[in-house]
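Subject: Structure for you, with pocket notes

Hello,

Here is the structure for your files. Please open it alongside these notes.

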Amino acid sequence: MSEAFCKVISCIKNKDFETALNILKNIEKTSSLSWHQAYLIGFCLKQLGDIPDSIIYYKKSLSILPNHPLTLNAMGISYQNMGNLSQARHHFEESIKLLKVPYFPKWSSYSLMCRTLLSEGLNSLGTVLHLLSEKQTDKPELKQDALRSYLEAVRIEGEVLAFKAKKQTRVRSKSSSVDELKYISAIEKEFIYNSPTLIIFQVNVAAQLHRNGHEQFAKDYIVRVKEQIDEFHPHWHLVIELTRNMTLLSHSHSWYH
């Protein structure tokens with residue numbers, strides 16, 4: 001990996017998107033972009049608020065490496081931010097279609113990466129379907145489709161976390177004679193707590209359950225989510241806000257995360 005590209009990755013990790021973009025643009029002036037360089041330019045542009053240009057570079061990335069789920073998901077997010085929900089839906093569904101295949105070995109690093117990307121795509125699709133249901137009130141099936149998508153995102157993310165917890169349990173076990181059950185519950189809770197993504201997915205499930213008329217089920221669900229974390233969790237406020245909205249606005253369909 002070149003020194004310039006290492007600097008780009010470092011800048012992105014530090015949320016210095018403007019510097020990362022300048023480096024990538026200089027690379028573009030002197031050589032042909034790779035798919036991941038074009039993708040990263042699009043990503044930086046999106047983070048800086050230039051959504052239309054981000055789509056231009058995502059398209060460049062796809063022209064170099066077609067049908068890449070990472071780029072399709074990113075394009076879906078940009079289209080959603082522009083309010084183009086039909087294009088957002090299309091790109092999320094294309095990404096999900098590519099990722100919904102069996103991987104061998106099932107729990108390789110590549111498989112875990114793809115499953116994580118799949119859960120993110122499903123969660124994003126759920127939000128787009130919810131927004132479409134508010135615009136297309138003659139299509140009540142969209143609300144159920146949104147709930148199914150959110151639930152699938154939670155299921156897949158949960159499977160990934162459960163695998164990581166079991167793997168970590170084996171690492172922490174001092175000998176083969178140590179009963180893994182002694183550690184697994186605590187480690188699973190640790191992984192859930194340290195997974196802000198899962199909490200967001202679960203909040204979306206509870207919100208959609210409430211929108212779809214399953215009010216008591218939604219309240220019970222968000223209580224269980226709340227029990228997994230505490231006020232120091234980065235998304236504690238989302239759980240509290242949704243709980244409050246369910247109590248005060250039980251028939252409102254205007255809130256989502």
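This is a predicted model: local features need pLDDT of at least 70, side-chain atom pairs count only at pLDDT 80 or more; totals for chains, interfaces and linings use all residues.

Residues are numbered from 1 along each chain as its sequence is written, and side-chain values use heavy atoms, with hydrogens and water left out.

The largest pocket holds about 450 Å³ of space. (A pocket is an open set of points on a 1 Å grid over the protein atoms alone, where a 1.4 Å probe fits, with protein on both sides within 12 Å along at least five of seven lines; lining residues have an atom within 4 Å of a point. Volume is the space filled by probe spheres set on the points, which are joined across faces, edges and corners.)

Its lining has 16 residues. Tyr39, Phe43, Ile77, Leu117 and Glu120 lie nearest the centre. Helix 3 (35–47), helix 5 (69–82), helix 7 (109–135) and helix 10 (196–211) each give two or more residues. (Helices are DSSP runs of H or I, at least four residues, numbered from the N terminus.) Helix 7 gives the most, with 5. By class, 8 are nonpolar, 6 polar and 2 charged. (Ala, Val, Leu, Ile, Met, Phe, Trp, Tyr, Cys and Pro count as nonpolar; Asp, Glu, Lys and Arg as charged; the others, Gly among them, as polar.)

The second largest pocket has a volume of about 220 Å³. Its lining includes Trp35, His68, Tyr103, Met113 and Leu117. Helix 7 again gives the most, with 4 residues. The lining counts 11 nonpolar, 1 polar and no charged residues.

Best wishes
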